[in-house]
Amino acid sequence: MRIPKHIGIIPDGNRRWAQKHQLDKQEGYTYGLKPGVQLLQRAREYGVEELTYYGFTVDNCKRPHAQFVAFSKACVDAVSLIAKEGVSLLVVGNTESKSFPKELLPYTKERKDIAGGGIKVNFLVNYGWDWDLSALKTSQES
């Protein structure tokens with residue numbers, strides 16, 4: 001069987017899942033944490049070298065405040081759970097924005113081997129094409 005080297009994970013459907021289970025939309029984010037960690041464990045078992053989790057975009061920050069708080073907290077909790085798994089972690093996103101969870105700042109400057117290192121994990125938080133391209137443009141002008 002051919003195993004991919006890098007897998008991207010977009011946790012989608014948390015709000016719909018919550019509504020289907022008669023919960024408030026923001027309650028769905030917490031329920032996505034365990035499957036996300038299980039996916040990491042399986043990927044490591046199969047020899048996947050790198051995972052990228054797409055947490056939330058700049059546009060997601062326009063959602064109702066309760067949802068923003070819930071998915072922001074879910075990202076912080078997810079990174080905390082992932083870090084316990086022994087990974088090489090890098091969090092990427094617009095750290096200068098007030099929407100970026102400050103708890104994740106220690107993981108942003110460079111990749112960190114945690115609990116012995118291991119599979120590379122990228123976690124994107126408060127990112128967006130405009131931010132990505134403006135950072136690229138600035139680096140090319142230097």
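1. Helix 3 against helix 4. The two helices pack with their axes 10 Å apart, at an angle of about 35°. Their crossing is right-handed. The model is predicted: local features need pLDDT of at least 70 and side-chain atom pairs count only at pLDDT 80 or more, while totals for chains, interfaces and linings use all residues. Residues are numbered from 1 along each chain as its sequence is written, and side-chain values use heavy atoms, with hydrogens and water left out.

2. Terms for that packing. Helices (H or I, at least four residues) and strands (E, at least two) are DSSP runs, numbered from the N terminus. Axes are lines fitted to C-alpha atoms, for helices over the stretch in contact, and angles run from 0 to 180 degrees between N-to-C directions. A crossing is left-handed if the near helix is turned anticlockwise from the far one by less than a right angle, and right-handed if clockwise.

3. Who makes the contact. Helix 3 brings Leu33, Val37 and Leu40 to its contact with helix 4. Helix 4 brings Ala74, Asp77, Ala78, Leu81 and Ile82. Contact here means heavy atoms within 4.5 Å. By class, there are seven nonpolar residues, no polar ones and one charged. Ala, Val, Leu, Ile, Met, Phe, Trp, Tyr, Cys and Pro count as nonpolar, Asp, Glu, Lys and Arg as charged, and the others, Gly among them, as polar.

4. Asp77. This residue sits in helix 4. Is Asp77 buried, exposed or partly exposed? Asp77 counts as partly exposed, at 26% relative accessibility. The cut-offs: buried is under 20% relative accessible area, exposed is over 50%, and partly exposed is in between (1.4 Å probe, protein chains only). The C-alpha atoms of Asp77 and Leu104 are separated by 9.9 Å, with the two residues 27 apart along the chain.

5. Five strands form an open sheet in the order 1-2-5-3-4, with mixed pairing. Two strands pair if DSSP finds at least two bridges between them. The edge strands are strand 1 (6-9) and strand 4 (112-114), each pairing on one side only. From one strand to the next, the twist averages 25°.

6. Parallel pairs. Strand 1 and strand 2 run parallel and are joined by four bridges. His6 has Glu50 of strand 2 as its bridge partner. Strand 2 and strand 5 are also parallel, with seven bridges. Here Phe56 stands opposite Val125 in strand 5. Strand 3 pairs with strand 5 in the parallel sense over five bridges. Val91 has Phe123 of strand 5 as its bridge partner.

7. Strand 5 and the helix over the sheet. Seven of the eight residues of strand 5 are buried, so this strand is largely enclosed by the rest of the structure. Helix 3 (residues 33-46) lies across strand 1, strand 2, strand 3 (87-92) and strand 5 (120-127). Helix 3 runs at about 160° to strand 2.

8. Aromatic pairs. How many aromatic pairs does a search of the whole structure find? There are five. Rings of Phe, Tyr and Trp (its six-membered ring) pair if their centres lie within 6.5 Å; planes under 30 degrees apart count as stacked, over 60 as edge-to-face and the rest as tilted. One of the pairs is Phe56 with Phe68, which is edge-to-face at 6.1 Å centre to centre, with 85° between the planes. Phe56 lies in strand 2 (residues 50-57) and Phe68 in helix 4 (residues 65-83), so this pair ties together parts that are twelve residues apart in sequence.

9. The cluster. Phe68 also forms an edge-to-face pair with Phe71, at 5.6 Å centre to centre and 85° between the planes. Phe68 and Phe71 are three residues apart in helix 4, so about one helical turn separates them. Phe56, Phe68 and Phe71 form one aromatic cluster. Phe56 is buried at 1% relative accessibility. Phe68 is buried at 17%, and Phe71 is buried at 4%.

10. Backbone points to check by eye. Most residues other than glycine have a negative phi. Ala115 is not a glycine, yet has a positive phi of about 50°. Ala115 is in the loop between strand 4 and strand 5 and is exposed, with a relative accessible area of 59%. Asn126, also not a glycine, has a positive phi of about 55°. Asn126 is in strand 5 and counts as buried, at 1% relative accessibility.
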